[in-house]
Amino acid sequence: MDDHIEASLEFIGTATTILRLGPFTVLTDPNFLHRGQRAYLGKGLWSRRRTEPHVQPDELPALDLVLLSHLHGDHFDRVARRSLDRTVPVLTTVRAARTLRRWGFRESRGLQTWQRDEVSSDEWTLRVTSAPGTHAPGPVRHLLPTVMGSVLELYRSGALVRRVYVTGDTLFRPWLRDVVERTGPLDTAVAHLGGTRILGLTVTMDAGQGADLVELLRPRETVPVHFDDYPVFRSPLQDFVDTWADRGLPGTLRTVTIGERIDLA
């Protein structure tokens, strides 16, 4: 990999990050609610935000893409709906894209699992592949939005430079092995953790499930996000840090705080 090529992650809060990969700038799961405001989670459920996001939409850099794992109030909130640039393409699930287009985000593109989309600039291409995910166990998954992960592959003159996997809000499942079997080894995994519990059910990976995923996929580095912003998150970052040490997981653990920008491996 070329160390002189831009590759960084800036953590805004929750699952919201700014990924800079070569000449491309990507915003993930935009959540800009202020501390104390409520995020609507559907079915009459809500949760009050505990943290303050690092930036607001008018402070964002120029964007090439928005990646949205699913349409929940802590991933695409009313501030994003009101304030994001509606000309920027949004890559998301088919169901979410239909809703976003009704809201005026006409460049929203719905991807089926393993479907690809890409943007190009001169010799550079950023390819995004929709990866599978499940937001709840068993039949309960039908009560929650469909969810996708994303594999971002940066190419320069046709040669692969970097591969980044953003898990989305998924539980651990052994079939997530397909992420590396279909796309190849991962440089970075951005893991949505938190052990979110709704109506007594865990609907995002907790520390143990996150560790299982790292052992399964073996990325060069893992960057955890989505772990302490709402009361429904029950598995804090320290749980994952401790589990990582106890299990001697492969690769490097890169923790990041809100407002911090890190270079990727």
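Visitor: Which residue of β2 is the bridge partner of L9?

Guide: Before we dig in: this is a predicted model, where local features need pLDDT of at least 70 and side-chain atom pairs count only at pLDDT 80 or more, while totals for chains, interfaces and linings use all residues. Residues are numbered from 1 along each chain as its sequence is written, and side-chain values use heavy atoms, with hydrogens and water left out. Strands β1 (residues 7-13) and β2 (residues 16-21) run antiparallel, joined by 6 bridges. Look across from L9 into β2 and the bridge partner is L19.

Visitor: What is the strand order of the open sheet with β1 and β2 in it?

Guide: Strands (E, at least two residues) and helices (H or I, at least four) are DSSP runs numbered from the N terminus, and two strands pair if DSSP finds at least two bridges between them. This sheet has 7 strands with mixed pairing. Its edge strands, β8 (108-111) and β18 (261-263), each pair on one side only. Reading across, the order is β8-β7-β6-β3-β2-β1-β18.

Visitor: Which residue takes a positive phi in the hairpin of β9 and β10?

Guide: Strand β9 (residues 116-121) runs antiparallel to β10, with 6 bridges joining them. The hairpin has 2 residues between the strands, and the one with a positive phi near 55° is D122.

Visitor: How many of the 8 residues of β10 are buried?

Guide: Buried means under 20% relative accessible area, exposed means over 50%, and partly exposed is in between (1.4 Å probe, protein chains only). On its β11 side, β10 pairs in the antiparallel sense over 8 bridges, with W124 opposite R156 and V128 partnered with L152. Strand β10 (residues 124-131) is largely enclosed by the rest of the structure, because the number of its residues that are buried is 7.

Visitor: What is the relative accessible area of S150?

Guide: S150 is found in strand β11 (residues 149-156). Contact means heavy atoms within 4.5 Å, and, leaving aside neighbours within four places in sequence, S150 is in contact with residues including L67, V128, T129 and V166. It's a buried residue, and its relative accessible area is 5%.

Visitor: Which residue's backbone oxygen lies 3.5 Å from a polar atom of the H192 side chain?

Guide: H192 lies in strand β13 (residues 188-192) and counts as buried, at 0% relative accessibility. Not counting residues up to four places away in sequence, H192 touches D29, H75, D169 and H226, among others. A polar contact is a pair of N or O atoms within 3.5 Å; within protein, one must be able to donate a hydrogen and the other to accept it, and residues adjacent in sequence count only if both atoms are side-chain atoms. The backbone oxygen in question belongs to G168.

Visitor: How far from a polar atom of the D64 side chain does the backbone nitrogen of T25 lie?

Guide: D64 is in the loop between β5 (45-48) and β6 (65-67), and with a relative accessible area of 29% it is partly exposed. D64 and T25 are 39 residues apart along the chain, yet their C-alpha atoms are separated by 5.4 Å. From the T25 backbone nitrogen to that side-chain atom, the distance is 2.8 Å.

Visitor: What is the angle between the planes of F240 and W244?

Guide: Rings of Phe, Tyr and Trp (its six-membered ring) pair if their centres lie within 6.5 Å; planes under 30 degrees apart count as stacked, over 60 as edge-to-face and the rest as tilted. F240 and W244 are separated by about one helical turn, because they sit 4 residues apart in helix α5 (residues 237-247). Both are buried. The pair is edge-to-face, 5.9 Å centre to centre, and the angle between the planes is 75°.

Visitor: Over the ring of which residue does the charged end of R86 sit?

Guide: A charge sits over a ring if NZ of Lys or CZ of Arg is within 6 Å of the ring centre and within 35 degrees of the ring normal. R38 does this over W46, 3.6 Å from the ring's centre. Ring pairs link F76, W103 and F105 into a cluster. R86's charged end sits 4.8 Å from the centre of the ring of F105.
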